[in-house]
Each structure stands twice: as C-alpha cells, then as structure tokens.
Amino acid sequence: MCGKLLRSQSRSLFLLALALSCFTQLSTVAAEGENGITVVGTGIVEQKPTVVEMTGLVIGQGQLAGDAVTKYHGNRRRAEDAFKNLKIPGLVIQGDGMSLYSSLNASQMQAMMRGMAVNNTQSQELSVSETLKLRLTGVDKLSPDELLEIIVRIVDAGKDAGVVIGNDTTPMVPGTYNASKARNTMVAFKIQNVEDLKNKAYAKALEDARSQAEALAKLAGGKLGKVVSINTVDPNQKSSDSSSRMLAQYLAVLGMRVGQSEEQSSALLKEIPVSAVVRVTYALE
C-alpha cells in the first residue's frame, strides 16, 4: 500500500516538475517576443484597365457530323468577317479550340425529365462549337463612353453573325432555372503590368507598416529599431488565425485580389486595385 502511495506521489511530483518546466519555457518565449513590435502593412495601387476581353461561341449543328462541320465553318467565316469589318484598332480575334458533341432531342429530353427511359436509338443532334477570344488593347486611352460604344458595336456585330457573346446561359435541362447561369458576364476588363504595380504596392505597404510601428513605439515610450523580419501575406490563403481571417475579409471588401497571373481582371469598368500585404517585425529600443 505504501509502495503504491509513494509511486503516486512520485508521479505527481514528476508531472508538476514537467508543467513548471513548460511554463518556464513559454515565459521565456513570451519575454523574447516582447522585445519587438510586429505590424501588418497594406498597400494599394490602382490603374485603369488596358485590355478588354470578350468570348464568343460559334456553333454548327446538324443530324450528321458532316453537316454540323459544314455549318460550323460557314458560321466561323461569317463571324470573323463581321468583327474584321468593324475596323476597330487593337481588336484581335483568336480561336480557343473546337469541340464536337451530341445532345438529346426534344422528345428524349422530355422523357428524361419525366423519369422515363431515354430511347437512344433516336437520332441525336450533333454540334461543333468553338470559343472565340475577342481581345481589345489600348483601352486606357479611351473615355468610358468611347469604350462603351466600341463594346456595343462588337456585341451587336457578333449577335448579327449568330455568335453568343459572354458565358453560356443555356440551362443544362430545358425549362429549369440555374442561379449560376442567370447572369451573363459579357466583358472582362484587365490590366497587364501587374508585377510593376505590385512592387509599388509593396513600397506603400512597407511605408504603412513603419508608420504604425513608429506610433506604437512612441506610445510604449521607446524608440523604433531596425527591421527584424519581413513576410508577405496572402489574404486569399486559408488560415485558422482570426487576425488573418479578418484581414482577408477586409481586403475582400476592398475588392483586392492577390494572384500570380501577369494580368488581373475585373467585371467592372473602373480602376482595378493591385494590393500587397506585409507583416514586419521591428526591434524596440
């Protein structure tokens, strides 16, 4: 009995010593962390869009594959001629690849919607389609009204030539509503020199960080020392840190996106923001 008691007491003393050791280590780390000031700086640089990009869908349909291909080639030539006849400087039309597929006819679709067996022996309509990329550069030299007029001309020319401009809003099942396809985004406004703008945004972020740190050092009765560390922050990265989540939400409200692409786009005709966020630790003297 006494042996068990002694072993129990020894175990309790060991756990207590281990807890005190961990507490001492945590206190040491906390004390070391108190020697600096860590702040998060944000920089934003805005620029007018330099590129307008639209997509157009050309389709050829027929009961036979040969008929579908023939109609596609005719529609493709008509669409390209329609856009070239606009004679808009800086407008380039590029193909983005073709696709060949078959779709159910009306009676087969109705049978499927009613939960009935689909008769696959009936003929299905064949389609050949290609997405055209319409890219207009140098739009930063135009006024909003001038740019809007050009966009309207392109859209109308595509419509007259049978080209569907923008994303496909056709529901997968006829007669159904799909909220994700309820809005047709027809135009993307882009900026190109993102890397240069990002460097300017980083410079502003560092200025913002230093301003915050100097104010905190003054309130603490100390003097701001040298930079101990600098880390970039990606507001799009998921994190369990509440401060990181709050920062990401704040930047999302501002419409700021961080990406590695050479271009950055927006669905709005206005200046596009390029952001940079840094976490800087300064020594406190």
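Trainee: Which residues is Phe83 in contact with, leaving aside its neighbours within four places in sequence?

Mentor: They are Leu91, Ile93, Leu134, Ile154, Ala157, Gly158, Val163 and Ile165. Contact means heavy atoms within 4.5 Å. Keep in mind that this is a predicted model, where local features need pLDDT of at least 70, side-chain atom pairs count only at pLDDT 80 or more, and totals for chains, interfaces and linings use all residues. Residues are numbered from 1 along each chain as its sequence is written, and side-chain values use heavy atoms, with hydrogens and water left out.

Trainee: Why is Ser99 called partly exposed?

Mentor: Its relative accessible area is 33%. Buried means under 20% and exposed over 50%, with partly exposed in between (1.4 Å probe, protein chains only), so Ser99 at 33% is partly exposed.

Trainee: Where is Ser99 found?

Mentor: Ser99 belongs to strand β3, residues 91-103. Strands (E, at least two residues) are DSSP runs, as are helices (H or I, at least four), numbered from the N terminus.

Trainee: What makes the link between the side chains of Ser99 and Ser129 a polar contact?

Mentor: The distance is 2.8 Å. A polar contact is a pair of N or O atoms within 3.5 Å; within protein, one must be able to donate a hydrogen and the other to accept it, and residues adjacent in sequence count only if both atoms are side-chain atoms. The 2.8 Å pair therefore qualifies.

Trainee: Which other residues does Ser99 contact, beyond its neighbours within four places in sequence?

Mentor: Besides Ser129, they are Ser127 and Val128. Ser99 and Thr131 are 32 residues apart in sequence and 9.1 Å apart in space, C-alpha to C-alpha.
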